[in-house]
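Hello,

Here is the structure I promised to pass on. My notes follow below it.

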Amino acid sequence: MRKEKFMSWDAYFLSVALLSSFRSKDPKTQNGACVVDADKKIVGIGYNGLPIGLDDSNPQFWTDQDDMDAENSKHTYVVHAERNAIYNSFGRNLKGSTIYVTLYPCPNCAQTIVQSGIKRVVYLNIKPHHDAENRAVKRMFDGAGVSLEPFSQLDVPDAEIIEELLHMKGRMYP
């Protein structure tokens, strides 16, 4: 049972990122992101998807070739949730903002986060088998003064809402 009668900021913004991930057509990994300014206003949301103009119902764009065949790999075409959220911020000044993400950022997204001026990253999950990339991201964020926080370690009184959304997502989009 929730202790508060209202949703905490961290649970709210991560919920928005998680709900955004529901839009992704990636058959393997659906990710979402939500950028929030210093005034706790949402300034951009995104999910991992194709660039504008590409037919996201075309299975050619969704093959998972692990970059062995760049022309036929989703990794060539998919724009990650973090970048989409930043692009969707409509050129706002993101200096000092926070980005809530459903998955620990990759090195390319980390570069974009640093360059945009975002200073706090809250993430839901991490891929442990990407250990070297995860260490590189941590090094990049440490050097740039970007705080990297796992949602599970935040003192959020209503964190169970995230588990409820994940459960709902699993039922709706198995």
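This is a predicted model: local features need pLDDT of at least 70, side-chain atom pairs count only at pLDDT 80 or more; totals for chains, interfaces and linings use all residues.

**Sheet, surface patch and aromatic pairs**

Next, the surface. Met7, Trp9, Tyr12, Ile42 and Ile45 make a nonpolar patch of about 440 Å². Helix 1 (9-21) and strand 2 (42-47) each supply at least two of the patch residues. Met7 sits in the segment before helix 1. Met7 is partly exposed, at 35% relative accessibility.

Then the aromatics. The whole structure holds 6 aromatic pairs. One of them is Trp9 with Tyr12: the ring centres are 6.3 Å apart and the planes are at 70 degrees, so the pair is edge-to-face. These two lie 3 residues apart in helix 1, so about one helical turn separates them. Trp9 is partly exposed at 46%, and Tyr12 is partly exposed at 35%.

Tyr104 and Tyr123 also pair edge-to-face, with centres 5.0 Å apart and planes at 85 degrees. This pair links distant parts of the chain, 19 residues apart: Tyr104 is in the loop between strand 3 (98-103) and helix 4 (107-116), Tyr123 in strand 4 (residues 120-125). Tyr104 is buried at 8% relative accessibility. Tyr123 is buried at 12%.

Lastly, Trp9, Tyr12, Phe13 and Tyr100 form one aromatic cluster.

Best wishes

Notes
Residues are numbered from 1 along each chain as its sequence is written. Side-chain values use heavy atoms; hydrogens and water are left out. Patches are made of residues with over 30% relative accessible area and no salt bridge: like charges are joined within 9 Å, nonpolar side chains (Val, Leu, Ile, Met, Phe, Trp, Tyr) within 5 Å. Accessible areas come from the Shrake-Rupley method with a 1.4 Å probe; for residues, only the protein chains shown count as cover. A salt bridge is a side-chain nitrogen of Lys or Arg within 4 Å of a carboxyl oxygen of Asp or Glu. Helices (H or I, at least four residues) and strands (E, at least two) are DSSP runs, numbered from the N terminus. Buried means under 20% relative accessible area, exposed over 50%, partly exposed in between (1.4 Å probe, protein chains only). Rings of Phe, Tyr and Trp (its six-membered ring) pair if their centres lie within 6.5 Å; planes under 30 degrees apart count as stacked, over 60 as edge-to-face and the rest as tilted.
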